[in-house]
Amino acid sequence: MSRIKQPYILPSEITSEHIWQSRRTWLKKAGAGAIALGATGVTGSAMMLHSSAAIGAQVRGHLAGTPNSDYWLENKLTSEKDVTSYNNFYEFGTAKTAPAKYAQKLETRPWKVEIEGEVEKPRSFDMDDLLKLASIEERVYRLRCVEAWSMVIPWSGYSLSTLLKQVRPTSKAKYVQFVSDVQPENMPGLRSRIIDWPYVEALRIDEAMHPLVMLVFGVYGKLLPNQNGAPMRVAIPWKYGFKSGKSIVKIRLLENLPETSWVKIAPREYGFYANVNPSVPHPRWSQATERRIGDGIFSPRVDTLMFNGYGEQVADLYSGMDLKRYY
């Protein structure tokens with residue numbers, strides 16, 4: 001896979017301490033031959049050591065990941081404070097501050113994720129299973145909300161395809177559906193009928209198997225906060241943020257196109273594909289530019305990139321498609 005093209009770095013976008021400290025740690029380990037950097041991760045005893053460390057780190061609330069240079073951006077990171085306090089997670093309310101305020105009651109242990117449908121080996125995974133499945137990587141991704149704001153976030157996890165291969169999708173599997181948890185006693189937003197709960201999203205199988213699609217367990221070197229989708233979510237950086245299901249408890253592989261939550265509510269405003277596309281406006285606002293969270297209210301908006309800047313990696317998934325019709 002080719003590396004993501006890096007934009008010119010402004011003085012205001014000097015690499016943050018979080019990044020260079022992560023790289024220093026990585027270089028020390030690489031020099032000692034303890035890990036192998038890249039999409040293939042680590043193998044053998046090194047992977048076992050990493051998995052044990054990842055599980056042990058849960059107790060301390062940390063989740064160290066190996067920086068993966070194939071998924072690394074030099075853009076200025078959005079602050080941890082903004083990433084964890086400015087959220088859309090309607091199970092806790094519609095205000096951006098509601099998730100951080102109300103999500104602390106979310107029960108995230110024990111946690112099981114069931115995988116079913118068009119698979120040869122349906123099964124459930126608990127969090128220890130998932131954290132042992134592959135080496136944890138740190139990837140810096142852009143996040144673009146359909147509301148025309150954006151962030152740059154250091155996620156920790158690994159490619160979703162790693163998990164899906166464990167259950168062996170059948171030839172009938174055309175779509176992958178994500179179902180979020182429902183905890184009526186702990187999610188005050190469920191009292192609103194804005195969404196027909198549970199929250200449901202989906203991808204085509206070829207999209208879901210793309211290495212950019214990430215199963216996420218942490219952010220900023222720590223376990224995911226509840227308001228960010230603990231204990232497990234997905235990150236799909238070339239699509240609008242609402243496609244990235246949070247607090248996932250079920251993954252279904254399906255033959256037929258499933259109805260997703262926002263498409264069911266407002267099909268004219270939210271399409272199944274939801275690819276970031278500056279040339280296709282939302283019915284109520286333009287998608288040509290975006291507001292970077294943390295840049296200040298007087299900072300100029302920035303141009304939105306096609307596929308959120310990941311076109312080199314994903315454009316071929318949509319070859320020949322009318323992206324204005326299949327928005």
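Q: Which residue stands opposite Met 151 in E5?
A: That's Leu 143. A word on the source: this is a predicted model, where local features need pLDDT of at least 70, side-chain atom pairs count only at pLDDT 80 or more, and totals for chains, interfaces and linings use all residues. Residues are numbered from 1 along each chain as its sequence is written, and side-chain values use heavy atoms, with hydrogens and water left out.

Q: What makes E4 and strand E5 (residues 149-159) a pair?
A: Two strands pair if DSSP finds at least two bridges between them. Eight bridges join E4 to E5, so they qualify, and they run antiparallel. Strands themselves are DSSP runs (E, at least two residues; helices are H or I, at least four), numbered from the N terminus.

Q: How do you know that strand E1 (residues 66-67) pairs with E4?
A: DSSP gives two bridges here, and at least two are needed, so E1 and E4 pair, in the parallel sense. Thr 66 stands opposite Glu 137 in E4.

Q: Why is strand E4 (residues 137-144) called mostly covered?
A: Buried means under 20% relative accessible area, exposed over 50%, and partly exposed in between (1.4 Å probe, protein chains only). Eight of E4's eight residues are buried. Glu 137, Arg 139, Tyr 141 and Leu 143 point one way, while Glu 138, Val 140, Arg 142 and Arg 144 point the other.

Q: What makes E3 (123-126) and E7 (200-204) edge strands?
A: The open sheet of five strands runs E3-E2-E11-E6-E7, with mixed pairing. E3 and E7 each have a single partner strand, so one side of each is left without a neighbour in the sheet.
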